[in-house]
Amino acid sequence: MPISFRCSCGNAINVPAVLAGGRTKCPACAATLTVPDPHAAAPAPAAKKPRRVREPREDGGGGFRIALSPAVAGGLVSMAVGAGWFFFALSNNRISIYAPVMFVFGLVAVVRGFFGAPED
Ligand SMILES: [Zn+2]
């Protein structure tokens, strides 16, 4: 089954299926063209004609990415312990200064982890 597609000049081109993904020349304008591969594009089963080859998806390419680094995990544990300690002390009518300090240290670790600050 030949592959049909169009050059940017508008000329309709038919090539054998074996050339899918390869290169061919437009007979009208002599431009070098990449033959679309209908199998690589994975069209819907109902589609009769390969319409448009999808652009390859960009992967990576930056973007803000949040990963649960050890610093963040440690900070979360520190926050949880600090908060638990604080309320435990509060329930005994005592205020422990170390509990909020621990909580704040945990918070700082989480924030630093999120923003990718060096760990030292
Ligand atoms: Zn052309």
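This is a predicted model: local features need pLDDT of at least 70, side-chain atom pairs count only at pLDDT 80 or more; totals for chains, interfaces and linings use all residues.
Residues are numbered from 1 along each chain as its sequence is written. Local features need pLDDT of at least 70, side-chain atom pairs count only at pLDDT 80 or more, and totals for chains, interfaces and linings use all residues.

**Exercise 1.** Determine which atoms coordinate the zinc ion and what the arrangement is.

*Solution.* Step 1: donors are N, O and S atoms within 2.8 Å of the metal (3.2 Å for Na, K and Ca), and water is not among the atoms, so sites may look incomplete. Step 2: the SG atoms of Cys7, Cys9, Cys26 and Cys29 lie at 2.3 to 2.4 Å from the zinc ion. Step 3: along the chain, the spacing of these donors is C-x1-C-x16-C-x2-C. Step 4: the arrangement is tetrahedral because the 4 donor atoms subtend angles of 104 to 115° (four donors qualify if all angles lie between 85 and 135 degrees).

**Exercise 2.** Classify Cys26, Cys9 and Cys29 by relative accessibility.

*Solution.* Step 1: buried means under 20% relative accessible area, exposed over 50%, and partly exposed in between (1.4 Å probe, protein chains only). Step 2: Cys26, at 3%, is therefore buried. Step 3: Cys9, at 41%, is partly exposed, and Cys29, at 38%, is partly exposed.

**Exercise 3.** Describe how β1 and β2 are arranged.

*Solution.* Step 1: strands are DSSP runs (E, at least two residues), numbered from the N terminus, and two strands pair if DSSP finds at least two bridges between them. Step 2: β1 (residues 3-6) and β2 (residues 12-15) pair in the antiparallel sense over 4 bridges. Step 3: Ile3 stands opposite Val15 in β2. Step 4: 5 residues separate the strands of this hairpin, and Gly10 in the turn has a positive phi of about 100°.

Key
Side-chain values use heavy atoms; hydrogens and water are left out. Four donors count as tetrahedral if all angles lie between 85 and 135 degrees; four count as square planar and six as octahedral if opposite donors are over 155 degrees apart and all others between 65 and 115; anything else is irregular.
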